Amino acid sequence: MKWRKLGRIFDPGQATLPHGCSAYAQAPQALVLDDFVRIYFSTRARDADGKYLSHIAYVDMKKNFRDVIGVSSHTVIPLGKLGCFDEHGIFPLNVVRHGDAIYGYISGVNRRVSVPADGAIGLAVSRDDGVTFRRLGDGPVLAPSLHEPCIVVDPFVKIVDGGFHMWYVFGLGWKRAAPDAEPDRVYKIGHATSPDGIRWTKEEGRQILADRLGDDECQALPTVITLDGRHHMFFCYRQTFDFRTNRDRAYRIGHAWSDDLVDWTRADEEMMLDVTPGDWDSDMLCYPHVFECDGQICMLYNGNEFGRHGFGLAVLEP
């Protein structure tokens with residue numbers, strides 16, 4: 001799979017973002033409309049204590065992915081209520097069409113005392129082409145459980161033969177590189193199914209992708225597309241510790257394939273997409289989202305500093 005980079009297509013530093021947000025356009029997710037593409041992303045504002053809150057905004061782009069039509073003047077959904085799973089941020093929002101509605105799967109963040117945050121997955125619905133979303137309820141549709149004890153986040157939902165499939169990230173726990181170090185989480189990709197997109201059944205605690213970096217490899221933000229009858233998953237992976245400033249331990253994009261949506265064969269060597277020295281994505285590639293637009297297979301992704309400087313696009317060569 002040879003991907004051709006088209007460069008960075010959106011820089012939040014050159015846009016007016018809603019809700020007092022500044023910088024960051026993380027985890028871009030595409031909704032292809034008739035005449036343009038709406039790309040949702042997580043951006044950040046600071047609260048009264050100076051801590052970040054992640055909000056969802058979008059940019060509308062022509063299908064050449066060069067011309068910006070406009071950036072939302074509002075966040076598409078407010079953060080969760082006091083004490084709820086998405087009180088302190090939404091990162092990311094995954095969208096899928098279902099009938100005349102758009103289902104938005106919320107990856108909610110809530111702060112903890114002993115560790116930076118926990119998370120769960122909620123559902124909101126849009127009936128105005130994704131301009132605004134309204135939650136079905138204040139609680140999650142998928143959350144930590146017996147064998148997935150923390151950090152159930154990063155949903156990607158695909159409807160296949162009328163049934164809903166979700167690939168998501170679940171946490172195995174937190175670890176410290178040294179006794180006095182801040183804790184970092186270890187997480188893997190799991191799978192769940194649903195008849196209606198609301199009631200979900202997990203394959204509880206089953207890690208569906210093999211590790212390449214050892215047991216503590218972190219796997220994040222899966223996205224799945226079907227090409228010529230075979231299903232392909234793209235995701236990002238990294239080391240657990242020293243990944244923020246060490247480019248050799250930072251995120252890269254991986255690949256796996258499946259013929260049944262259940263069992264996956266990892267094949268990172270087929271990706272042919274890597275960092276570009278000296279560019280905005282010279283240190284890391286992360287948070288991929290793959291979709292089809294007018295017959296072209298496209299991948300949105302973030303580069304250095306986890307999307308602080310925006311997102312780029314790559315297209316799959318024939």
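Predicted model: local features only at pLDDT ≥ 70, side-chain atom pairs only at ≥ 80, totals over all residues.

Reply: Residues are numbered from 1 along each chain as its sequence is written, and side-chain values use heavy atoms, leaving out hydrogens and water.

Me: How much space lies in the largest pocket?

Reply: Rolling a probe the size of a water molecule over the atoms shows where empty space is left. A pocket is an open set of points on a 1 Å grid over the protein atoms alone, where a 1.4 Å probe fits, with protein on both sides within 12 Å along at least five of seven lines; lining residues have an atom within 4 Å of a point. Volume is the space filled by probe spheres set on the points, which are joined across faces, edges and corners. Here the largest pocket holds about 1200 Å³. Of its 38 lining residues, Arg 44, Phe 91, Pro 116, Arg 185 and Arg 244 are the closest to its centre.

Me: Is Asn 94 buried or exposed?

Reply: Buried means under 20% relative accessible area, exposed over 50%, and partly exposed in between (1.4 Å probe, protein chains only). Asn 94 is buried, at 1%.

Me: Which residues does Asn 94 touch?

Reply: Contact means heavy atoms within 4.5 Å. Not counting residues up to four places away in sequence, Asn 94 touches several residues, including Tyr 103, Pro 155 and His 289.
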